[in-house]
Amino acid sequence: MLDSLLALGGLVLLRDSVEWEGRSLLKALVKKSALCGEQVHILGCEVSEEEFREGFDSDINNRLVYHDFFRDPLNWSKTGEALPGGPLGALRAMCNRTDLGPVTIALDSFSWLLLHLPCTTLCQTLHTVSHQDSCPPGDGSPVGKVHVLGLLHEELHGPGPMGALSSLAQTEVTLGGTMGQASARILCRRPRQRPTDQTQWFSILPDFSLDLQEGPSIESQPHSDPHIPPVDPTAHLTFNLHLSKKEREARDNLTLPFQFSSEKQEALLRPRPSQATSHIFYEPDAYDDLDQEDPDDDLDI
Amino acid sequence: MFPELNNLLNTTPDRAEQGKLTLLCDAKTDGSFLVHHFLSFYLKANCKVCFVALIQSFSHYNIVGQKLGVNLTMARERGQLVFLEGLKSAVDVFFQPQEKPHPLQFLREANAGNLKPLFEFVREALKPVGSGEAGWTYPVLLVDDLSVLLSLGLGAVAVLDFIHYCRATVCWELKGNVVVLVHDSGDVEDEENDILLNGLSHQSHLILRAEGLATGFCRDVHGQLRILWRRPSQSTSQRDQSLTYQYKIQDRSVSFFAKGMSPAVL
């Protein structure tokens, strides 16, 4: 599915993040288009031309037309070398071309354009470019097929611009991955068909060809070893956790000291006559001074 | 420079990579030790350094630099170091007449301006002079830090454009390096700072992120450093690598160790 993305036509959005970058996938798709014989235009705003062409061999590089918006995008050097109209002007110029061959336009990146241009302008231009082949101009002349794809950095934009570009796109590829293995979630909306959603694991080889894979291997995933039985913590204790039957009966028959039962109530209400008076037994110490006289004798009461 | 950090980054002043953008960010802690590291690293690598210092004074960096074995005063005198002291020269914008725009001209502008004068200052400072000069290896731009530019009224896109032009000139045209520091606001909702940080993260080749420990302050472990290599230029089959270490800052050095392996707890 990943290698036939561009065949579907329309706008393809590559959503990447800081952790899972998308430029290598963009280059891989560009290489595929070039090998199919299409003319490929790159609107490069984020990296230099050398860095983008790095890794491609010469016959692919000959088919790439690089529009350099990296060196001086805002015309600060005032040398007049900057391409007039900026990236959108170049994009619109590609619509007005006269040759009929299929063309692929790669935008690096949509995020740069969204940060510098109003979202509505960009969306209108993209709509014009990508729907051009489905709505031929009034004079009946045939128009060649246009494929547009571009990078979009997810963290940089709010839900508004992201939603606007998503709704324009026929295919949305979100990059992610786990455990060093990259994956692409492909959401494809074709007209008059149900949208499809599938995940494809892949890796990019050094020459930017796409290597589709099955997914992270099962052995590398951590899982519990089934040969070790779970340990019972209540076995081999030094104390007793359970009661025997006799012990349980004895416990049930015990009256608690502060429980006010009916026997206790009656014992309190009827004093027992045979209760002897209490005695105090005192052993005098050696240095104790015992005087048998009553200290209160000389009181005259 | 900290030799242990050089080992972690697998680099030395003699064989450092060129044409790279390094992003330093800190969250809930102070990442300025990384700025001091790179300043002394590139001075020892015999590079021509342009330092846009917006946070501290020259003497602060000089004192720390002497502890790390570089003399900023001498480097400035012999032309190796071009130092823009933001705190002092910000006042010059208002009180001294200037023929051409001052690098910090945006401070005078009511609307959100752009950093073109600052970029032109950098380009002028780092442009290769004729062959008569003592041969510096390659130019380096160091900025401490970019978040303060947002506080001074610039938009995130203006700062991103400035770094874009610096990258185009210093990294691509002059084959030098750029190192910038950005603070991560973390829990505080700061959209402009997030756009700046994420935008720079996408452009960087190396991201060093100093974070405070999740459990709070500690005497023996001052924080955690996450190192993320992006865009490996040689082989794309090698996925972006990420490593995490904890560190303790001492008087003249910083020691790094694996998580949980601080000498204080072993």
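Exposed here means over 50% relative accessible area, and buried means under 20%. The model behind these close-ups is a predicted one.

**View 1. A:Glu283, out past helix H9 of chain A.** A:Glu283 comes in at 69% relative accessibility, so it counts as exposed, the cut-off being over 50%. Look for A:Glu283 in the segment after helix H9 (262–269) of chain A.

**View 2. A:His41 and its neighbours.** A:His41 sits in strand S2 (residues 39–44) of chain A. Buried or exposed? A:His41 is buried, at a relative accessible area of 11%. Its side chain makes a polar contact of 3.0 Å with the side chain of A:His67. Leaving aside residues up to four places away in sequence, A:His41 touches A:Val65, A:His67, A:Met94, A:Val103, A:Thr104, A:Ile105 and A:Ala106.

**View 3. Helices H6 and H7 of chain A, side by side.** Helix H6 (residues 119–130) and helix H7 (residues 159–168) of chain A pack at about 5°, and their axes are 10 Å apart. The two are therefore roughly parallel to each other. H6(A) brings A:Cys119, A:Cys123, A:Leu126 and A:His127 to the contact, while H7(A) brings A:Pro161, A:Ala164, A:Leu165 and A:Leu168. Sorted by class, that gives seven nonpolar residues, one polar and no charged ones.

**View 4. Helices H6 and H8 of chain B, crossing.** In chain B, the axes of helix H6 (residues 116–126) and helix H8 (residues 156–173) come within 10 Å and cross at roughly 20°. That makes H6(B) roughly parallel to H8(B). The crossing of H6(B) past H8(B) is right-handed. On the H6(B) side you'll find B:Leu118, B:Phe119, B:Val122, B:Arg123 and B:Leu126, meeting B:Phe162, B:Tyr165, B:Cys166, B:Thr169 and B:Val170 of H8(B). The tally for this contact is eight nonpolar, one polar and one charged.

**View 5. B:Ser147 in helix H7 of chain B.** B:Ser147 lies in H7 (residues 147–151) of chain B. With 10% relative accessibility, B:Ser147 counts as buried. Which residues does B:Ser147 touch, not counting those up to four places away in sequence? They are B:Leu181, B:Val182, B:His183 and B:Asn193.

**View 6. Two cis peptide bonds.** In chain A, the bond from A:Asp108 to A:Ser109 is cis, and omega is near 10°. A:Ser109 belongs to the loop between strand S4 (103–108) and helix H5 (110–116) of chain A. Over in chain B, B:Asp144 and B:Asp145 are joined by a cis peptide bond with omega about -10°. B:Asp145 is in the loop between strand S4 (139–144) and H7 of chain B.

View 7. B:Asn10 isn't a glycine, yet its phi is positive, near 55°. B:Asn10 is in the loop between helix H1 (3–9) and strand S1 (21–27) of chain B, and at 56% relative accessibility it counts as exposed. B:Lys175, another residue other than glycine, has a positive phi near 55°. B:Lys175 is in the loop between H8 and strand S5 (177–183) of chain B, and is partly exposed with a relative accessible area of 47%.

Definitions and conventions. Residues numbered from 1 in each chain as written. Chains lettered and ligands numbered in written order. Predicted model: local features only at pLDDT ≥ 70, side-chain atom pairs only at ≥ 80, totals over all residues. Heavy atoms only, no water. Helix = DSSP H or I, 4+ residues; strand = E, 2+ residues; numbered from the N terminus. Buried < 20%, exposed > 50% of the residue type's maximum accessible area, 1.4 Å probe, protein only. Polar contact = N/O pair within 3.5 Å; in protein donor to acceptor, adjacent residues only side chain to side chain. Contact = heavy atoms within 4.5 Å. Axes fitted to C-alpha atoms, helices over the stretch in contact; angles between N-to-C directions. Parallel < 35°, antiparallel > 145°, perpendicular 65-115°, else oblique. Left-handed = near helix turned anticlockwise from the far one by under 90°. Nonpolar A, V, L, I, M, F, W, Y, C, P; charged D, E, K, R; others polar.
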